[in-house]
Structure formats: structure tokens, C-alpha cells
Amino acid sequence: DGEDIEDTPYNPGELGPEPDLGWLATYADTISAMTSSPRSFNLLIALLLGATAIKGKAVLHMSFGPVRPNLYGALIGKSTVYHKSTAVAKGQEVLAAAQLDGLQLPDTGTSEGLIAALAERSHGLIVRDEVARLFASDRIKYMQGYKQDLTALFDGGTFRKRLSGTDLTIASPYVSILGATTPARFYDAVGDRDWDDGFLVRWLFALPDCEPDFDAPSPAMMNDAEYSGIMARLAAPLRELAAHGETSFAFGAGAFDAWDTWRRDGLRRAHEYGDDQALAITGRISTAALKIAQILAAVNGRWGHISAETMHAAIYLADLYRLNTWQLLTERSKHGVGGHKLAKALDVIARRGGAAGCTRSTVMRYANMKSHELRPVLDKLMQLGAVIESDDGRRLRAVHTRLPAKAYV
């Protein structure tokens, strides 16, 4: 009667051991040790630095159009204990050590300011200390349209806009964004429309991969020469990337087939699941894997060539970011578990399940809920003792046909 909620296309399942990420891993390990920030944060920052240094000079010519490796990325974690701002600042230092800090675009906070800057130089990196303000920009009158412009700019097609009576055309925009925020501000800033209209599905999100370790000693101080040497070593591959000219990247043996098989499997699962949001996320994460593959090849000294090994590493990272998206969707829905949803789901289980019980997909279908909405509802129903699972965990049976009064408190 359908697949289990844990096997949704949002959730790629067990990722397995991390593949060889080369410079990305070196960067993440070094900066994490230096700042006590989560390694997951620094992996995403490394990807953004690579994307920025490439300056739009790498391109994959796919049947659906050219793919250039710009990225939008956000670190989401609690304030203070995860050192988000420190991690971002170190990334900016490495960019400066590579003499590429001039690639940072001004953080004007308005569409007009960004487009004017891109008219002078069509590529660069925007750094947002508090990216939730960007996510909520459509709530401010003078910033309305900013997210729509960022959505259009992400795909790199010719961008046209009229500003102050002048028609501006940007032939091949190449914009990356690196930002950070807290979970509370993120959830307050975004809504379902941001997922449905294609804006948020273009983002990669890094979540903490560890709990804060308050018992760990603070990182040791370094002398200036030692510190400069570390920054220089991390910066060297970025400086080399910036020197390359326009290059069409090519797939090595097995690389395209690995990506295509993985992509088609994800799209098939999303289609069978019947969730438009899942299709959008799966489609966009498939393109993100191509972008990540170009960055991995470039920063690891294989400019222009994507091997099967590189593609498998890119797929691993893409699945990691898809898993983070799934977690964000699930956590957001926990903020909205009310009595109405609980009663609706319980009614479906009681009427459709009978003594044998029913599957989660049946509940989703008849309660008209998406998977990320249903999961916290079922958790609450089981916590209340209104619903129990079968021994194999695949079917649900109603113990009561009405909710206890405490469910509405």
C-alpha cells in the first residue's frame, strides 16, 4: 500500500563513509580545528570558495543547457556555540590570501544595488552575516522582488532589468551566496511558498554535524608566520583556479552514467511518491551534483575533467545536502502540530486501518498531508497513546478514535 515515510525521496538514507574530497576535506579539517566550528559548515564554505574562484569559467554543456558551478549556501546553527561567523570570516581570509577578496560583491541588500554591481562585473560572491533577512526580504516593501531576481540570477541565463530608466543586460551572471543564521530566525523567515516557488530548493544548507564540545580546550595560539603559512596553503588552489580561462568540462568514463542513474532513480521515487515539492528538490539537487563535481575536479587539480570517482564524491555531498533539506522541512513542521492535524490523521487511521492498521502513505493520501507534515503528527499521536505501530513498524493502528483532551492544550 505504498512506501514507508522513512523511504521518501527527501531522505537519501544512509550515506556511508565520506569519499576522498581532497582539498575540501583539508580545508574543512584545518578550519574546524582552528575555530571549533562544525566540519560540515566548513565543507560548504570550501565549496563556495571554489565556486567563487572559478569565476564562471567552468561550464558543463548538458542537453538541458549549460551548467556553471555557482552555489547558494547557508549555515544554520544555534548562536555562539557553533561559531558560524568565525567560520565565514576564515573563509573570507582564505579568499583574501588567494588575492581574490575583490570577488566579493557588495552586500547592498537590494535588488537594484546587486544588479548595478553585476552590470560592472557579472560574477562574484555575496556574504550575508544574517541570511534570514534575505529569506524574509519580500516582507519589506523596498526589497520586494529581490528573491525573484536571485532565483533568476542563479540559473545564469541572460538577465534584463530596467533600473532608474536604464535597461541593463547581464549576459552570463555568475553569483554565489554564503550566509548564516540560527534555526529560529530561519523558520521565522521562510514559508511554504519559498519551497514551492523554486527559491529555497536552489540552496544548499549545512547543519551542525556534532554537538558543541564544551570540554575541549580552545585551539592553540599560532605565531604570525605559522598562521600565514596555513592560510597560504589553503589559498593556493583557489589562486590557480582564478587563472584558468573559459573551459568546457568533460565527463570521464562512467561519470555521466553514475550521475544519470542516480538522478533518474531519485526522480522516479519522487514521481511515484506524488509530491511536487519532492520533485523540485530532487531535480535541483541533481543539478547541484553537477556543480559540485566541477568544483571538486577544479580544486583538486583536475581542471576540465570529471572522473567517475569525482562524480561519486559529488553525489555523496549532494545527498548530504538533500538530507539536510529533509531535516529542515521536518523540523519546521514540528512548529505547527496542532489539534486539527492530529484529529484528521487519527480519523484516517481509525477509519482506513481497522484491526490490521494502515500504512503511512494511506494516511498521507486521505489526510492530504505531505510526508514532512505527517511525521511529527504521528510522533505526537504515538506519544499520546492514541496510535501504535505494528511490530515491523510499517502499519499504524488507532487505539482510540478520539484524542485525549491534553492534545489540545
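Me: In which helix is the place of T35?

Reply: T35 has its place in helix α1, where helices are DSSP runs of H or I of at least four residues, numbered from the N terminus. This is a predicted model, in which local features need pLDDT of at least 70, side-chain atom pairs count only at pLDDT 80 or more, and totals for chains, interfaces and linings use all residues. Residues are numbered from 1 along each chain as its sequence is written, and side-chain values use heavy atoms, with hydrogens and water left out.

Me: Why is T35 called buried?

Reply: Buried means under 20% relative accessible area (1.4 Å probe, protein chains only), and T35 is called buried because its relative accessible area is 8%.

Me: What makes the pairing of the side chains of T35 and S37 a polar contact?

Reply: A polar contact is a pair of N or O atoms within 3.5 Å, of which, within protein, one must be able to donate a hydrogen and the other to accept it; the side chains of T35 and S37 make such a contact at 2.5 Å.

Me: Why are α1 and α2 called oblique to each other?

Reply: Helix α1 (residues 23-35) and helix α2 (residues 39-54) pack at an angle of about 130 degrees. Angles under 35 degrees count as roughly parallel, over 145 as roughly antiparallel, 65 to 115 as roughly perpendicular and the rest as oblique, and α1 and α2 are therefore oblique to each other.

Me: What makes α10 roughly antiparallel to α11?

Reply: The axes of helix α10 (residues 255-273) and helix α11 (residues 276-299) cross at roughly 170 degrees, which makes α10 roughly antiparallel to α11.

Methods: Axes fitted to C-alpha atoms, helices over the stretch in contact; angles between N-to-C directions. Helix = DSSP H or I, 4+ residues; strand = E, 2+ residues; numbered from the N terminus. Buried < 20%, exposed > 50% of the residue type's maximum accessible area, 1.4 Å probe, protein only.
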